[in-house]
Amino acid sequence: MAIEKTFSIIKPNSTLDNNIGNVIAMFEKNGLRIAAAKFTHLSKEKAEGFYIEHKERPFFGELVDFMTSGPVMLMSLEGENAVMKNREIMGATNPAEAADGTVRKLYAKSIGENSVHGSDSAASAERELAYFFEKSDLVDRF
Ligand code: ATP
Ligand code: MG
């Protein structure tokens, strides 16, 4: 299987609950390596731009408010089949539907405050990594 990169955000509910280390441990235990990281606080403009595809959805305002309500951990994760592997580790968007042992089952509060973001395809990963990181920040770990 191919080594690929994906983009991950540890969202404000998990940074505020002190679960950054717990979430990263789950990635590392499953063979993903951190290949870039930035601990930051998103501006309203940056959060709106990131979620622009959801602009017309009824939850857009709530989503942007939440994503700017506390610090976030932005990461490039690298590993075999990283995009799909990360989605498996995260679990379903709605924590009520997330499988046992997933990040969202363990740490999410609601469909909105759901602990993590992960790219949904290799193309999204490339676009999302470029939105937050300089090319020179994106090292290879394999
Ligand atoms: P993400 O893109 O954050 O990894 P996802 O791909 O599982 O999650 P999307 O459908 O892309 O989910 O929705 C993006 C984010 O918008 C979700 O993670 C969640 O935080 C929020 N969201 C989605 N649906 C709802 C909803 N019905 N109510 C509130 N927030 C929602
Ligand atoms: Mg998504």
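Modeller: To begin with a term, helices (H or I, at least four residues) and strands (E, at least two) are runs assigned by DSSP and counted from the N terminus. The model is predicted, so to speak of local features requires pLDDT of at least 70 and side-chain atom pairs count only at pLDDT 80 or more, while totals for chains, interfaces and linings use all residues. Residues are numbered from 1 along each chain as written, chains are lettered from A and ligands numbered from 1 in written order, and side-chain values use heavy atoms without hydrogens or water.

Colleague: Where does ligand 1 sit?
Modeller: Ligand 1 sits in the largest pocket, with more than half of its atoms within 2 Å of the grid points. A pocket is an open set of points on a 1 Å grid over the protein atoms alone, where a 1.4 Å probe fits, with protein on both sides within 12 Å along at least five of seven lines; lining residues have an atom within 4 Å of a point.

Colleague: How many of the lining residues are charged?
Modeller: Ten are charged, beside nine polar and eight nonpolar ones. Asp, Glu, Lys and Arg count as charged, Ala, Val, Leu, Ile, Met, Phe, Trp, Tyr, Cys and Pro as nonpolar, and the rest, including Gly, as polar.

Colleague: And which residues come nearest to ligand 1?
Modeller: There are 16 residues around ligand 1, and K11, T93, N114, H117 and G118 come nearest. The shell comprises six nonpolar, six polar and four charged residues.

Colleague: Which element gives the most to that shell?
Modeller: The strand β4 does, with three residues.

Colleague: What lies 3.0 Å from an oxygen atom of ligand 1?
Modeller: A polar side-chain atom of K11 does. For N114, a polar side-chain atom is 2.9 Å from a ligand 1 oxygen, and for H54 the distance to an oxygen of ligand 1 is 3.2 Å, again from a polar side-chain atom.

Colleague: Changing topic: what lines the second largest pocket?
Modeller: Its lining includes E4, K5, V83, F133 and L138. Both β1 (3–10) and α7 supply at least two residues there.

Colleague: Which element gives the most there?
Modeller: It is α7, with five residues.

Colleague: How does that lining divide by class?
Modeller: It has seven nonpolar residues, five charged ones and no polar ones.

Definitions and conventions: A residue is near a molecule or strand if one of its heavy atoms lies within 4 Å of it. A polar contact is a pair of N or O atoms within 3.5 Å; within protein, one must be able to donate a hydrogen and the other to accept it, and residues adjacent in sequence count only if both atoms are side-chain atoms.
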